[in-house]
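Subject: Structure handover

Hello,

I am passing on the structure we spoke about.

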Amino acid sequence: MTKSMNISRKTNTQRKKIKKYGWKLKNLFISKDLKEFINKLNKIWKIFDELPQFLKNFYNKKIIKDIHKMTHYLFDKNIKRTNNQIENKFSTTQQKSTKKLFKTMPRILAYLKPIITNQNKKCHDKFINDIIKKVIMKSIKSIISSIQEASI
């Protein structure tokens with residue numbers, strides 16, 4: 001992290017400004033619809049020159065780069081604004097160290113692949129065992145019926 005991006009090295013007045021304007025940037029993504037988002041974005045553009053350099057850099061490097069990802073929920077109503085429900089579901093059943101696994105699709109697939117493979121193997125083994133049992137039972141029944149016919 002560069003010196004300009006490190007908030008711990010800022011003065012109290014700079015920290016207050018960062019907190020004040022940082023909340024406005026964060027509040028931008030709490031929008032419920034596209035119209036509200038655009039209004040908030042226009043307000044930020046009006047005060048952009050007042051923003052501390054730290055937030056200007058953050059806005060230019062992080063927000064502008066990924067704004068399409070952060071606002072995708074505004075264009076598709078089937079997409080949740082946050083993935084907290086999914087993370088909470090898995091984080092309550094898993095250790096904290098595995099919580100990061102559920103943030104990206106490749107990581108979650110890498111985590112789930114051995115579990116799915118193991119489940120498939122168990123199901124396959126059970127299926128094979130059931131078939132073997134059925135074949136053996138059929139063979140036993142046919143042997144018993146042939147013995148009964150022979151004894152008559």
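The model is predicted. The chain contains 6 helices and 0 strands, so its pattern along the sequence reads α-α-α-α-α-α. Of its 152 residues, 20% are buried. As for contacts between residues at least 6 apart in sequence, 48% of them join residues at least 24 apart.

The core

The largest nonpolar core has 17 residues. Those that touch the most other members are Leu25, Leu28, Phe37, Leu55 and Tyr59. At least two residues of this core come from each of helix H1 (12-28), helix H2 (34-46), helix H3 (53-70) and helix H4 (72-75). What does Leu28 touch, leaving aside residues up to four places away in sequence? Its partners are Phe37, Lys40, Leu41 and Ile44, and these four are also buried residues of H2.

Helix H1

H1 is 17 residues long and spans 24 Å from its first C-alpha to its last, close to the 24 Å expected at 1.5 Å a residue. Buried in H1 are Ile18, Tyr21, Gly22, Leu25 and Leu28. Viewed down the helix axis, the buried residues of H1 fall within an arc of 120°, so they line one face of the helix. That buried set packs against H2 and H3. The other side of H1 has the exposed residues Asn12, Thr13, Lys16, Lys19 and Lys26.

Helix H2

H2 has 13 residues, and the distance from its first C-alpha to its last is 19 Å, close to the 18 Å expected at 1.5 Å a residue. Which residues of H2 are buried? They are Phe37, Lys40, Leu41 and Ile44. These residues cover an arc of only 105° around the axis, which puts them on the same side of H2. Their cover includes H1, H3 and H4. On the face turned away from the buried side, H2 carries Lys35, Lys43 and Lys46, which are exposed.

In short, H1 has its buried residues along one face, and H2 has its own on the same side of the helix.

Regards

Key
Residues numbered from 1 in each chain as written. Predicted model: local features only at pLDDT ≥ 70, side-chain atom pairs only at ≥ 80, totals over all residues. Heavy atoms only, no water. Buried < 20%, exposed > 50% of the residue type's maximum accessible area, 1.4 Å probe, protein only. Contact = heavy atoms within 4.5 Å. Core = buried A, V, L, I, M, F, W, Y, C linked by side-chain atoms within 4.5 Å. Expected span 1.5 Å × (residues − 1). Arc of directions from axis to C-beta.
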